[in-house]
Amino acid sequence: GALNAAGCLVQSNSDLTAMGGAAVTAGDARAAGGASGAISPTPLTGTRVMSDPFAALNIAYPAGCDTTSITSTSYLNPGLHCGDIKLSGNETVTLAAGEHYFTGGSLKMGGNAQIVGTDVVVFLKDFGSINFNGNAGLSLEGRKGGSFAGFALIADRSFTGTLELTAKNVRKMYGTVYLPNATLLIGGNGNKVSDQSPWTVVIANKLQVTDKATLHINSNYAGASVPVPQGVGPSTKTSGTRLAE
C-alpha cells in the first residue's frame with residue numbers, strides 16, 4: 001500500500017511504520033514514537049504529541065428517525081437515517097446538501113452500489129461494521145457552510161471499529177475525514193482512494209493502507225469550494241494525515 005501526501009504533514013502520535021513494500025510520501029513526516037520503512041522524507045521521531053483540533057466539536061445526533069431503511073435507489077434529504085444499509089446491486093443513494101446522520105447495525109456496500117453527495121457531511125454511529133468493497137462507490141464533497149463546513153465524513157466518538165474502504169470507486173473524499181477513535185482501512189489491489197479530491201485531511205485513531213492501494217492526500221486549497229476547517233490546513237502545518245496511535 002501507499003500513502004501519497006506529497007504536500008502535507010503526516011503525523012503519528014505513536015509509531016509510523018511502512019511495512020511489506022508499503023511507502024509513505026509526505027511533505028513532512030513526524031512520529032511521537034519511532035519510524036521505520038520506506039518513508040520520504042526521513043521522518044522526525046520523538047516529536048510532541050499533537051492534540052486533536054476538533055476535540056470540542058459537537059457531534060450530537062438529532063432525535064427521531066427520518067428514514068428507517070435504505071434498500072434501493074434513494075434520494076435522501078438531510079436528517080437521521082436509521083437501520084442497516086446493505087446494497088450490492090446497481091443502487092445509487094444520492095444525498096441532498098446538508099448533514100446526514102446514519103446509525104444502524106451494519107453498513108455494507110458492494111456490487112456497483114454508490115453513495116454520492118455534494119455539500120454534505122456524513123456522520124456514522126453504532127455500526128458494528130462499515131464496509132465498501134467490490135465496485136462500490138463513495139463520492140463525497142464536504143459541507144460548504146454551516147457548523148460543519150469543511151467536513152465530509154465524521155465518525156461518532158463512540159465508534160471504535162473500522163471503516164473499511166476496499167472498493168474500486170472511492171475516488172473523492174473532498175474535505176476533512178474525522179475518525180477520532182476509529183480505524184481507517186484502505187485496501188484493494190491497485191485501488192486509488194481520494195485521488196480526485198482537491199484536498200483531503202484525515203484524522204483517525206489508526207490508518208492502514210494495504211493490498212497495493214494508494215491513499216491520496218491532496219492539498220490544492222487555493223480556490224477550493226469546500227473551506228478548510230479552522231485547526232487544519234496550510235496555515236497550521238497540520239494539513240494532511242494525523243494518527244492518534
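User: Are Tyr61 and Phe123 buried or exposed?
Analyst: In this predicted model, Tyr61 is buried, and Phe123 is buried as well.

User: How many aromatic pairs are there in the whole structure?
Analyst: A search of the whole structure gives eight aromatic pairs.

User: Take Tyr61 and Phe123. What kind of pair is that?
Analyst: Edge-to-face, because the ring planes stand at 80° and an angle over 60 counts as edge-to-face. The ring centres of Tyr61 and Phe123 are 6.5 Å apart.

User: Where do Tyr61 and Phe123 lie in the chain?
Analyst: Tyr61 is in the loop between β6 (44-45) and β7 (74-76), while Phe123 belongs to strand β14 (residues 120-125). The pair therefore ties together parts that are 62 residues apart in sequence.

User: Which residues form an aromatic cluster with Tyr61?
Analyst: Tyr101, Phe123 and Phe148 form one aromatic cluster with Tyr61.

User: And what lies over the face of Tyr61?
Analyst: Lys125 does, at 4.9 Å from the ring centre.

User: Changing topic: what about Tyr174 and Trp199?
Analyst: Their ring centres are 6.2 Å apart and the planes are at 85°, so this pair is edge-to-face.

User: Where are those two in the chain?
Analyst: Tyr174 sits in strand β19 (residues 169-186), and Trp199 in the loop between β20 (192-193) and β21 (200-209). They are 25 residues apart, and the pair links distant parts of the chain.

User: Why does Tyr174 count as buried?
Analyst: Because the relative accessibility of Tyr174 is 4%, and buried means under 20%.

User: What is the relative accessible area of Trp199?
Analyst: For Trp199 the value is 0%, so Trp199 is buried.

Conventions:
Residues numbered from 1 in each chain as written. Predicted model: local features only at pLDDT ≥ 70, side-chain atom pairs only at ≥ 80, totals over all residues. Heavy atoms only, no water. Phe/Tyr/Trp six-rings, centres within 6.5 Å; stacked < 30°, edge-to-face > 60°. Helix = DSSP H or I, 4+ residues; strand = E, 2+ residues; numbered from the N terminus. Buried < 20%, exposed > 50% of the residue type's maximum accessible area, 1.4 Å probe, protein only. Lys NZ or Arg CZ within 6 Å of the ring centre and 35° of its normal.
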